[in-house]
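The sequence and the model come first, and the description follows.

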Amino acid sequence: MNLSRNWLSDFVNTDGIDNQEYSDRLTITGSKVEGFEVLGSEIENVVVAKVTAMEKHPDSDHLWICQLDAGARGNNIQIVTGAQNVFVGALVPAALPVAKLPGGVIIKDGKLRGVESHGMLCSMGELQLTAHDMPGKEENGILILDGDCENRLGEDICDVLMLRDTSVEFEITSNRPDCLSVIGLARETAVSFDRELTVKEPVVKGCSDGDSVNKYLSVSISAPDLCYRYAARVVKNVKIAPSPLWLRMRLRASGVRPINNIVDITNYVMLEYGQPMHAFDYSCLDGAQIEVRRAQNGERFQSLDDIEHTLDESMLVIADGKKACALAGVMGGANSEITDATATVVFESACFNGASVRVTAKKNGMRTESSARFEKGLDPENCMAGLQRACELVELLGAGDVVDGIIDVYPTPATQTVLPFTPDRYNEFLGMSIPVEHMLNTLTKLGCRVEDGKIYVPSFRADLGCMNDIAEEVCRIYGYDQIESSSMNAETTLGGRNAKQLFEVNTEGALVGMGYSQIQTYSFISPKYYDKIRMSADDAKRRSVVISNPLGEDTSVMRTTALPSMMEVLARNNNFNNENVRLFEIASIYLPKESKNELPDERRVLTLGAYGDTDFYALKGVCENLLHLAGIQKATYTACTDNASYHPGRCAVITAEDGTLLGVFGQAHPLMAQNYGFSAPVFVAELDFDTVFAKANTEKVYAPLPKYPATTRDFSFVCPEELEVGTLMSVMEKAGGKLVEGVALFDIYRGPQLGEGKKSVSLRVTLRASDRTLTVEEADKASKKILNDLKFKLGLELRA
Amino acid sequence: MKEKLTSIRQEALALIAQDGADLEQIKIKYLGKKGELTAVLRGMGALSAEERPVVGQLANEVRADIEAALGEKAQQLRASALEAQLKAEKLDVTMPGSSPAVGHLHPLTQVQRELEDIFIGMGFSIAEGPEVELDYYNFQALNIPENHPARDTQDTFYIAENVLLRSQTSPVQVRTMEHQKPPIRIISPGRVYRSDALDATHSPLFHQLEGLVVDKGITMGDLKGTLEIFAKKMFGESTRIRFRPHHFPFTEPSAEVDVSCYVCGGKGCRLCKGEGWIEILGAGMVHPFVLSNCGIDPEEYSGFAFGLGVERIAMKKYGIDDIRLFYENDERFLEQF
């Protein structure tokens with residue numbers, strides 16, 4: 001909402017309050033000022049002047065040498081102009097050096113083709129005016145002023161054209177549609193500066209000629225749930241003309257384009273009272289009647305801006321006997337538009353259901369000043385004041401004769417809201433001590449009547465409905481800065497993170513310690529990303545939660561895997577030539593249920609990704625450390641050959657002791673890596689974080705430190721390449737029984753002397769008993785058992 | 001014999017004093033079983049009863065002197081050996097260190113954890129809820145019915161008619177109030193979604209942290225006090241806060257909260273665009289409609305709520321001017337934190 005301070009001064013005296021102070025105070029009392037613009041401040045030393053003589057420039061076929069009379073600013077001022085619409089006797093705006101024009105233009109004395117020119121004659125464009133601001137004036141030539149400027153020679157053009165004003169831009173919150181008006185903001189101004197608000201009731205003289213509005217029109221509301229009130233008056237003998245300068249300039253300062261007197265009046269009333277109005281050409285209404293009804297499904301309607309709309313029964317129209325003439329609260333119809341030929345006008349001042357107007361405007365793609373107000377819920381009690389003000393202006397402007405009588409269909413008048421006045425409670429709730437007198441003054445200035453411990457809320461403040469609302473009103477005017485900070489006088493609560501949140505924090509810390517940096521990626525991805533990670537066409541994870549109104553395909557589905565996001569980030573880092581990158585993300589994935597009306601299953605997953613100075617076993621080590629941190633001791637790593645995202649020979653799945661899948665990791669499949677621009681190996685891991693947490697055992701139990709020394713035995717075997725070290729180790733552990741404290745791999749050797757497809761594996765077994773030092777015999781016995789099992793179960797012999 | 005002992009002493013001490021003396025050999029030569037001093041002592045039997053103690057004492061003195069000299073010499077040798085070793089081991093300390101690879105927590109996480117820890121210290125716990133949410137929890141229960149103009153301020157991604165991507169973390173507050181009786185003291189950090197095109201200051205996904213307190217006798221002063229403690233912890237002890245009236249459908253009264261600029265202290269600078277204040281929070285007293293909707297009697301209980309954007313705080317804190325950097329995850333960016 002752009003507020004003209006000139007207009008504001010009709011209702012409240014703000015003398016002595018500069019623009020900055022005004023803006024700051026209104027902001028601090030709750031009407032946020034985004035900024036203000038001092039209109040006319042860019043124009044200096046442009047005055048009214050009269051052309052007294054003209055002659056052709058001797059060296060030009062289009063330049064004119066004019067002599068001007070600028071009253072007190074000088075006579076016989078010579079200015080050269082190229083405009084062709086200037087004539088002797090013309091009254092023009094003359095920029096006299098040193099003059100300033102909008103856009104930082106400076107006008108100085110100069111010469112045009114050798115002839116001195118002491119200034120410049122201005123067009124409306126040079127004064128930042130448009131043909132709408134100056135109807136009937138030449139747009140391309142010099143602005144020729146009206147004859148009544150004859151006795152204002154030398155006066156500043158800003159005063160003559162009423163260009164001086166301040167436009168204050170407010171950001172009005174959706175609960176205060178009353179502040180989308182000059183009067184509403186005047187009320188806020190008055191209460192904010194403790195000044196008087198003066199709103200005069202409009203006075204309409206009427207014709208007193210025996211004519212009556214009822215002879216012209218009848219109104220019925222057939223959808224009272226969508227239209228709470230419909231008031232109308234008729235104006236006859238209309239003379240369509242431009243509005244007077246003062247009215248045009250007020251509209252201009254409010255950011256509204258002047259059109260003609262009748263249309264300008266509707267806009268003026270909307271801005272002043274916050275009551276959207278509409279004017280119909282009476283001659284276009286069929287059947288001398290107006291019906292406020294729901295549109296029929298498929299009904300066609302052409303709006304004022306000549307756009308065709310197809311309506312449905314959720315929309316409300318203003319119709320005559322035959323057709324829809326306006327989309328209620330949104331826009332009028334082309335079929336009943338005010339034209340220069342309009343002789344009789346119907347003014348509408350109505351109140352429509354906000355949600356309905358909002359839906360209608362949205363469906364038809366036309367949000368207007370009117371719909372933006374209605375959708376916030378307007379005051380039905382404001383209709384009459386708006387209508388009367390419009391008619392008062394008609395009479396003031398001499399735009400026509402207002403026919404006696406008012407049509408007012410108001411099926412269910414609004415009820416009065418009454419709230420208890422409980423000053424102690426407000427103070428207690430706010431933690432303040434606002435004097436009761438101050439509260440009373442605030443509420444009264446805001447339009448409330450406070451009597452006998454009751455607050456009678458004015459109809460334009462539908463947002464005041466409970467104690468909190470009143471507390472806010474008295475508080476914001478008294479000053480939010482007066483709220484005294486206190487500490488909660490309440491029951492103690494135990495704060496902190498729960499086990500899962502702690503586990504996540506700890507995991508992050510561990511990964512950072514292991515050299516992995518955390519990333520954050522978008523939860524929505526492109527469905528094409530599933531192809532990029534080579535997910536099979538029938539994979540259930542291709543079914544995602546789909547966003548119905550995405551910004552673009554790239555962010556159109558909620559991911560069911562975080563792998564593609566990791567790959568994108570790795571690829572980006574690779575493109576930036578970042579070396580040795582190691583990243584992780586703990587993120588949510590979204591697994592849809594059967595119906596899209598059900599909320600999906602949101603699960604946390606941990607994704608690791610690395611390239612550069614790393615390998616499979618380095619990544620496996622990170623996974624092992626994480627499981628160790630989670631207290632998961634007996635995880636199993638099994639080769640996985642059929643995950644299309646991974647290298648078939650370098651991929652493992654991790655399972656918990658009970659067989660639950662915990663995750664998968666390995667080298668990215670070269671074809672997937674290629675999809676992301678990698679030629680060198682990339683390593684990734686995907687852990688189901690929720691399951692890892694579910695299996696985690698974070699309860700630590702102390703195991704006594706060994707009192708007796710350990711004995712170690714080293715074994716080397718030559719075995720087929722296919723035999724997994726994991727198998728060897730588990731056979732050895734089982735064979736050694738309780739005495740085996742651990743089995744560790746310390747060497748793998750492959751060489752020509754071993755033969756094709758063979759490897760030599762060297763392992764160290766640590767043997768220990770908790771209650772004694774093992775004798776050589778005991779250790780030998782255990783070794784023998786181990787060798788025996790290896791021989792019979794795996795057919796292995798000690799390497800010679 | 002006395003002369004013999006004296007000459008042994010002289011001879012031995014001279015040998016020990018030599019450079020490169022073999023101390024072990026010297027020890028054997030004089031003090032060993034077949035050593036010269038031992039041989040003298042063996043011959044003591046031939047001495048008279050008067051001479052024996054005198055010679056014996058002398059012999060012991062000689063032995064002690066030789067042992068002391070040996071010890072001293074050995075000590076000297078160890079010291080010079082150590083000195084030589086230390087000299088040989090000298091390093092060029094200006095050569096770069098070989099640091100172990102260390103990762104970095106994402107700046108948004110770092111800021112979020114810092115925020116969480118401040119409120120945990122004040123007795124708050126962390127509540128979580130779904131990101132794909134029902135319209136009811138995201139809007140209706142928060143006093144924003146269908147077709148309410150307040151929905152305009154939060155352009156929302158929809159999945160189905162009644163399912164959306166939460167545009168705020170407030171639905172977590174509603175879910176918490178539905179299941180937990182007061183006293184309630186929670187924060188709800190997390191991802192939220194708004195259909196804003198990505199540019200330097202907008203992202204369709206960002207992080208919020210909201211707080212909620214519900215109990216008997218909670219006042220607006222308590223809200224201000226709590227946020228003041230938060231602001232001081234987060235931005236420094238000298239930070240002040242300012243409340244400005246505002247409107248949120250789910251709180252009444254509502255406020256926008258500014259903190260005094262922590263760079264200029266309120267004088268006005270580039271960071272605060274000359275205002276001296278930086279807007280960082282929205283807050284207010286929980287609307288009675290919201291309380292009663294969740295089965296909490298607004299006559300008995302009151303509460304406050306607040307919310308802030310994690311990206312906004314992180315950008316202000318680290319001087320980051322482009323929100324997209326958070327989601328690009330360029331390692332050169334990540335390793336700065």
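The model discussed here is predicted.

In chain B, helix α5 (residues 107–120) packs against helix α10 (residues 310–318) at an angle of about 100 degrees, and their axes are 9 Å apart. α5(B) and α10(B) are therefore roughly perpendicular to each other. On the α5(B) side, the residues that meet α10(B) are B:Pro107, B:Leu108, B:Val111 and B:Gln112. Their partners in α10(B) are B:Val310, B:Glu311, B:Ile313, B:Ala314, B:Lys317 and B:Tyr318.

Chain B also touches chain A: 68 residues of chain B are in contact with 76 residues of chain A. Helix α8 (residues 220–235) of chain B supplies the largest share of the chain B side, with seven residues. The table gives the residue classes for this side and for the contact within chain B.

| Contact | Nonpolar | Polar | Charged |
|---|---|---|---|
| α5(B) with α10(B) | seven residues | one residue | two residues |

In chain A, helix α12 (residues 467–478) has twelve residues. From its first C-alpha to its last, α12(A) reaches 17 Å, close to the 16 Å expected at 1.5 Å a residue. α12(A) is mostly covered, with eleven of its twelve residues buried. Among them are A:Asn468, A:Ile470, A:Val474, A:Cys475 and A:Tyr478. After α12(A) comes A:Gly479, which has a positive phi near 125 degrees.

Key. Residues are numbered from 1 along each chain as its sequence is written. Chains are lettered from A and ligands numbered from 1 in the order in which they are written. This is a predicted model: local features need pLDDT of at least 70, side-chain atom pairs count only at pLDDT 80 or more; totals for chains, interfaces and linings use all residues. Two residues are in contact if their C-beta atoms, placed from the backbone, lie within 7 Å. Helices (H or I, at least four residues) and strands (E, at least two) are DSSP runs, numbered from the N terminus. The expected span of a helix is 1.5 Å times one less than its number of residues. A residue is buried if 20 or more other C-beta atoms lie within 10 Å of its own, exposed if 12 or fewer, and partly exposed in between; C-beta atoms are placed from the backbone. Axes are lines fitted to C-alpha atoms, for helices over the stretch in contact, and angles run from 0 to 180 degrees between N-to-C directions. Angles under 35 degrees count as roughly parallel, over 145 as roughly antiparallel, 65 to 115 as roughly perpendicular and the rest as oblique. Ala, Val, Leu, Ile, Met, Phe, Trp, Tyr, Cys and Pro count as nonpolar, Asp, Glu, Lys and Arg as charged, and the others, Gly among them, as polar.
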